[in-house]
Amino acid sequence: MITIQSFEFNYFSVNTYLLHDETREAVLIDCGCIRKEEELELSNYVNTHKLTLKHLLCTHLHMDHVCGNGFVSKIYGLKPQAHKADVEALPTPQEQARFFGISDRIPNIPLARHIVGNEVITFGHSELQAILIPGHSPGSLAFYNRKEGFAVTGDVIFKRSVGRTDLWGGDHEVLIAAIKDKILALPDETILYPGHGPATNVIEESLNNPFL
Ligand SMILES: [Zn+2]
Ligand SMILES: [Zn+2]
């Protein structure tokens, strides 16, 4: 049984998700901590629950979703994993920060490896399937667990909204088509954990999302 702990970090209110099961093995998705107190909040949770971090996954490589990767790499010795298309299309995190007018230094931590669409990532007794859903960025991934009925969806879809497509490699038509094809095809009751804002589910968005 997977426990999903979420944190809200940095100037962009990114949802960082820490998933762990009964083995105490854990996966960190979109580590966005940037302030000292955010790093402490994360490491306190890991320590309190005696977790072993197995993977650092990125739904995509926008700076608000990767700015904690330097901390995780330093403290836990884990390098990030993401889809290759984002590495090729996006500026470095530091260049993105400059674009958004942010003065903090955001280190560019090289990826451990590339995640490909449909691959299965395991931790403890659990697994996540990577689903490629381009449009917000070319390499945007959702991490899906069919058995427990949830997906961590990054900035692809939000409650009653969808991801912006005006950044590097974004494409609104591609995004909407990919959401219909890959998200709305999941079972109705699947819970969607987005990169910003509250969780939702497939049936709610298929009925009420004005962009779909
Ligand atoms: Zn994004
Ligand atoms: Zn974001």
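Predicted model: local features only at pLDDT ≥ 70, side-chain atom pairs only at ≥ 80, totals over all residues.
Residues are numbered from 1 along each chain as its sequence is written, and chains are lettered from A and ligands numbered from 1 in the order in which they are written.

The protein chain contains seven helices and 14 strands; helices (H or I, at least four residues) and strands (E, at least two) are DSSP runs, numbered from the N terminus. Its C-alpha atoms fill a box of roughly 40 × 40 × 25 Å along the principal axes.

Of the 212 residues, 44% are buried. A residue is called buried if 20 or more other C-beta atoms lie within 10 Å of its own, exposed if 12 or fewer, and partly exposed in between, with C-beta atoms placed from the backbone. Two residues are in contact if their C-beta atoms, placed in this way, lie within 7 Å. Among contacts in the protein chain with a separation of 6 or more, 63% join residues 24 or more positions apart.

Two open sheets can be followed in turn. Strands of a sheet pair through backbone hydrogen bonds, either parallel or antiparallel. Here two strands are taken to pair if DSSP finds at least two bridges between them. One open sheet has six strands in the order E1-E2-E3-E4-E5-E6, with mixed pairing. Its edge strands, E1 (3-9) and E6 (113-114), each pair on one side only.

Within this sheet, strand E3 (residues 25-29) has a neighbour of each sense. With strand E2 (residues 14-20), E3 pairs in the antiparallel sense over four bridges, and His20 has Ala26 as its bridge partner. Four residues lie between the strands of this hairpin, where Arg24 takes a positive phi near 70°. With strand E4 (residues 52-57), E3 pairs in the parallel sense over five bridges. Leu28 has Leu56 as its bridge partner in E4, and Ile29 stands opposite Leu57. E3 is mostly covered, with four of its five residues buried.

Helix H1 (residues 36-48) packs against this sheet: its buried residues meet E1 and E4. The 13 residues of H1 reach 18 Å from the first C-alpha to the last, close to the 18 Å expected at 1.5 Å a residue; the expected span is 1.5 Å times one less than the number of residues. The buried residues of H1 are Glu38, Leu42 and Val46. They cover an arc of only 70° around the axis, and therefore lie on the same side of H1; the arc is that of the directions from the helix axis to the C-beta atoms. An α-helix has 3.6 residues a turn, so residues three or four places apart point the same way. On the other side of H1, the exposed residues are Lys36, Glu37, Leu40, Asn44, Asn47 and Thr48. Just after H1, Lys50 takes a positive phi of about 50°.

The other open sheet also has mixed pairing, with six strands in the order E7-E8-E9-E10-E13-E14. Strands E7 (120-123) and E14 (200-201) are its edges, each pairing on one side only. E7 and strand E8 (residues 126-132) pair in the antiparallel sense over four bridges, with Phe123 opposite Ser126.

Helix H6 (residues 172-183) has buried residues Leu175, Ala178, Ile179, Lys182 and Ile183. Because they cover an arc of only 105° around the axis, they lie on the same side of H6. Glu173, Lys180 and Asp181 are exposed on the other side. The buried residues of H6 pack against E8, E10 (150-154), E11 (157-158), E12 (161-162) and helix H7 (202-208).

The largest nonpolar core has 53 residues, of which Ala142 and Phe143 touch the most other members. Such a core is a set of buried Ala, Val, Leu, Ile, Met, Phe, Trp, Tyr and Cys residues joined through C-beta atoms within 7 Å. Beyond its neighbours within four places in sequence, Ala142 has contacts that include Thr59, Ile131 and Val156. Leu207, by contrast, is found in helix H7 and is exposed, because 9 other C-beta atoms lie within 10 Å.
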